[in-house]
Amino acid sequence: MNLISIDREKCVKDAICAAECPVKIIDVQNGFPEIIKGTEKFCINCGHCVAVCPSAALSHKNISIEDCLEINPDLAIGPQQVEQFLRSRRSIRSYKKKPVEKELLEKLITLAGHAPSGHNLQPVHWHVIHEREELTKLCSHVVDWMRWMIKEQPQAAALLELEMVVKGQEAGNDIITRDAPHLILAHGIQKSPIAQPACTIALTWLELTLPSFGLGGCWCGFFNAAAMFWPPLQKELGLKQGHISYGAMMVGYPRYAYHRMPPRNPPRITGL
Ligand SMILES: Cc1cc2nc3c(=O)[nH]c(=O)nc-3n(C[C@H](O)[C@H](O)[C@H](O)COP(=O)(O)O)c2cc1C
């Protein structure tokens with residue numbers, strides 16, 4: 001089967017697919033689009049050619065047109081909604097003691113999978129700690145890492161105020177994961193140059209999905225630092241060989257609603 005197939009009844013030879021192909025492997029010199037001989041291997045399976053065709057004339061070997069939902073203009077959000085949506089996002093640190101359904105978490109992770117990644121390699125893997133008891137157990141390893149840091153790297157520990165966090169944990173206040181019911185890690189190949197930004201972007205997307213589903217989240221920097229550097233925690237997490245956690249996010253139902261949108265520092269911009 002060819003990489004792309006063209007419905008010649010529908011194709012209007014507008015060449016948009018060729019113009020939009022990021023790796024420029026579609027040729028339209030003979031009228032209908034075709035893949036330039038020997039360039040199939042450069043295709044990054046992004047689906048642009050299928051998505052951009054106004055007449056739904058192009059199908060891709062790995063991205064069938066039937067699998068591509070049509071964009072519904074009625075669901076488009078305007079600038080005012082975007083502004084309020086982005087300005088009103090908050091880090092949520094108080095959660096209801098109500099677990100989030102596994103199916104819902106899976107749906108949100110699937111949505112976050114639409115985040116961009118270098119070369120469309122989609123290198124992000126997800127690890128969900130769904131059970132709170134397990135999360136509490138894992139946090140004890142984070143505390144062990146903090147104690148080690150306080151002893152071995154006191155300057156860095158002071159900068160991160162780890163002593164205060166350890167004291168809090170010892171007193172029964174979960175400063176590390178804020179008693180969140182769930183923690184979601186984005187991990188990928190440690191040696192990959194694209195995995196780290198992809199995981200960060202995907203987790204950002206995950207955070208942005210949460211409010212519309214009645215949920216909230218917060219980046220969990222302490223947990224992730226321990227997951228990156230503390231072998232006992234890495235062993236417990238059991239991520240794939242050669243993988244590292246690039247980010248962690250608490251997730252749950254927020255206990256409180258927010259009502260106002262505090263300002264941020266003005267942006268530091270050059271060139272405008
Ligand atoms: C990489 C990263 C790590 C973070 N780690 C933590 C954390 O461990 N605990 C926490 O309570 N908040 C953490 N945060 C949340 C920040 O404190 C929060 O984004 C900041 O205070 C701004 O507040 P807002 O997110 O509500 O706008 C982290 C944020 C980022 C981006």
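This is a short talk on how one predicted protein model is put together, from its overall layout down to single residues.

Hello everyone, and two notes before we start. Residues are numbered from 1 along each chain, in the order its sequence is written. The model is predicted, and local features need pLDDT of at least 70, side-chain atom pairs count only at pLDDT 80 or more, while totals for chains, interfaces and linings use all residues.

Let's begin with the whole chain. The protein chain has ten helices and eight strands; helices (H or I, at least four residues) and strands (E, at least two) are DSSP runs, numbered from the N terminus. Along the principal axes, the C-alpha atoms fill a box of roughly 75 × 45 × 45 Å. The chain is divided into domain 1 (4-67) and domain 2 (82-252), with bounds that come from an automatic or database domain assignment. The centres of domain 1 and domain 2, taken over C-alpha atoms, are separated by 39 Å.

How much of the chain is buried? Buried residues make up 28% of the 272 residues. Here, a residue is buried if 20 or more other C-beta atoms lie within 10 Å of its own, exposed if 12 or fewer, and partly exposed in between, with C-beta atoms placed from the backbone. I will also talk about contacts, where two residues have C-beta atoms, placed from the backbone, within 7 Å. Among contacts between residues at least 6 apart in sequence, 71% join residues at least 24 apart.

Now please find helix H5, residues 132-152. H5 has 21 residues and reaches 30 Å from its first C-alpha to its last, close to the 30 Å expected at 1.5 Å a residue; the expected span is 1.5 Å times one less than the number of residues. The buried residues of H5 are Leu 135, Leu 138, Cys 139, His 141, Val 142, Trp 145, Met 146 and Met 149. They sit on the same side of H5, because they cover an arc of only 160° around the axis. That arc is taken from the directions from the helix axis to the C-beta atoms. On the face of H5 turned away from its buried side, you will find the exposed residues Glu 133, Lys 137 and Lys 151. What covers the buried residues of H5 includes strand S5 (125-129), helix H6 (154-159) and helix H7 (162-170).

Let's move on to H7. Its buried residues are Leu 162, Val 165 and Val 166. Seen down the axis of H7, these fall within an arc of 100°, so they line one face of the helix. The face of H7 turned away from that buried side carries the exposed residues Met 164 and Lys 167. The buried residues of H7 pack against H5, H6 and H9. After H7 comes Gly 172, with a positive phi near 95°.

Speaking of phi, here is some background. Most residues other than glycine have a negative phi. Arg 178 counts as partly exposed, because it has 16 C-beta neighbours inside 10 Å. Gln 122 also has a positive phi, near 45°, and lies in the loop between helix H4 (102-112) and S5.

Next is helix H9 (221-229). In H9, Phe 222, Phe 223, Asn 224, Ala 225, Ala 226 and Ala 227 are buried. Their cover includes H5, H7, S6, H10 and strand S8 (243-252). In strand S8, Ala 248 is buried, with 26 other C-beta atoms within 10 Å. Leaving aside its neighbours within four places in sequence, Ala 248 is in contact with Leu 183, Leu 185, Cys 220, Phe 223, Asn 224 and Ala 227.

Last stop, the ligand. Which residues are around the ligand? They are Arg 90, Ser 91, Arg 93, Cys 218, Trp 219, Cys 220, Gly 221 and Phe 222, each with its C-beta atom, placed from the backbone, within 6 Å of the molecule. Strand S7 (216-219) and helix H9 are the elements that give two or more residues to this shell. By class, the shell has four nonpolar, two polar and two charged residues. Nonpolar covers Ala, Val, Leu, Ile, Met, Phe, Trp, Tyr, Cys and Pro, charged covers Asp, Glu, Lys and Arg, and polar covers the others, Gly among them.
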